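Dear colleague,

Please find below the structure I said I would pass on to you. My notes on what was found in it follow directly after.

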Amino acid sequence: GQNTAIESTTMSVHVSNKTAPGFSGSDVDVSAFLLTADDKVRNDGDFIFFNQTKSADGAVALQSDMKGFDINLAKLDAAIEKIAFTLVIDGGDTLGNLESLSIEIPGVASADIPVSGRSEKAVIVGQLYRRNGQWKFKPIGQGFEGGLLPLSISFGVDAVEDDDSPAGPVESKPQSKGIDLEKRLSEKAPQLINLAKPLKIALEKHDLTQEKAKDAF
């Protein structure tokens, strides 16, 4: 949890993991979210992932190996106060099926994230944040049981699990129509309508489009 001051405006951020014996072969994807002071994205340009590899302002770019990011804080829009770096496991495995997980800014800071016995499928590994004009780095390790969906919701798409959804394990898929994110956002939060499109692509990759939820705007 140690905070480290960042002196340079340009850097790389690496998210590394090693799978444990018995790992079934799930995809492990990294993403970055550009956040305002209220810890929310503004639009699709603030969500950097495998299908959108660079932020609209060019400040954050996914590296070609899809395991890290190139950062240029000088290009970052003044409204952005944090950059959150995340990892999502796509498949039957969880964080507990990893042997190790770490985040590093070479020559500046590094941290290991505990994974033993964890059941979550997504995690905020660490973040860059601005405090009184000074950028700092902080490892996080906050996990999300449902994977990409609750992780993305926490950064700007507000929804909660339906109270009457069938009981069962996290990975069960209720046979009901999922939220039409684009329709609900256009009604309740038009400033986020563009985010629904790349988010839908990501959710489809992770087989989460049929998760039953209700909006809580």
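Which residue in S7 is the bridge partner of Asp29? It is Val88. Please bear in mind that the model is a predicted one.

This bridge belongs to the pairing of S3 with strand S7 (residues 82-90), which is antiparallel and runs over nine bridges. Both strands are part of an open six-stranded sheet with antiparallel pairing, in the order S1-S11-S10-S7-S3-S4. Strand S1 (4-5) and S4 stand at the edges with a single partner strand each, so one side of each has no neighbour in the sheet. In general, strands of a sheet pair through backbone hydrogen bonds, in either a parallel or an antiparallel sense.

As to the protein overall, its secondary structure consists of three helices and 13 strands. It has 217 residues, of which 46% count as buried. The accessible surface comes to about 10,500 Å², and carbon and sulfur atoms account for 46% of that surface. Of the contacts between residues at least 6 apart in sequence, 68% join residues at least 24 apart.

The largest nonpolar core has 35 residues, and those touching the most other members are Val60, Phe69, Ile71, Ile83, Phe85 and Leu128. Nonpolar side chains tend to be buried together in soluble globular proteins. Beyond its neighbours within four places in sequence, Val60 is in contact with several residues, among them Ala32, Leu34, Ile48, Phe69, Ile71 and Ile83.

Two polar residues may also interest you. Asp46 lies in the loop between strand S3 (27-35) and strand S4 (47-48). With a relative accessible area of 1%, Asp46 is buried, because the cut-off for that class is under 20%. Its side chain makes a polar contact of 2.8 Å with the side chain of Arg42. Not counting residues up to four places away in sequence, Asp46 touches Ala32, Phe33, Leu34, Val41 and Ile80.

Asn72 is located in strand S6 (residues 68-72). The side chain of Asn72 reaches the backbone nitrogen of Ala74 at 3.1 Å. Leaving aside neighbours within four places in sequence, Asn72 is in contact with Thr9, Thr10 and Ala59. Asn72 and Ser8 are 64 residues apart in sequence, with a C-alpha to C-alpha distance of 8.9 Å.

With kind regards

How values were computed: Residues numbered from 1 in each chain as written. Predicted model: local features only at pLDDT ≥ 70, side-chain atom pairs only at ≥ 80, totals over all residues. Heavy atoms only, no water. Helix = DSSP H or I, 4+ residues; strand = E, 2+ residues; numbered from the N terminus. Buried < 20%, exposed > 50% of the residue type's maximum accessible area, 1.4 Å probe, protein only. Polar contact = N/O pair within 3.5 Å; in protein donor to acceptor, adjacent residues only side chain to side chain. Contact = heavy atoms within 4.5 Å. Areas by Shrake-Rupley, 256 points an atom, 1.4 Å probe, with all protein chains shown as cover. Core = buried A, V, L, I, M, F, W, Y, C linked by side-chain atoms within 4.5 Å. Pairing = 2+ DSSP bridges.
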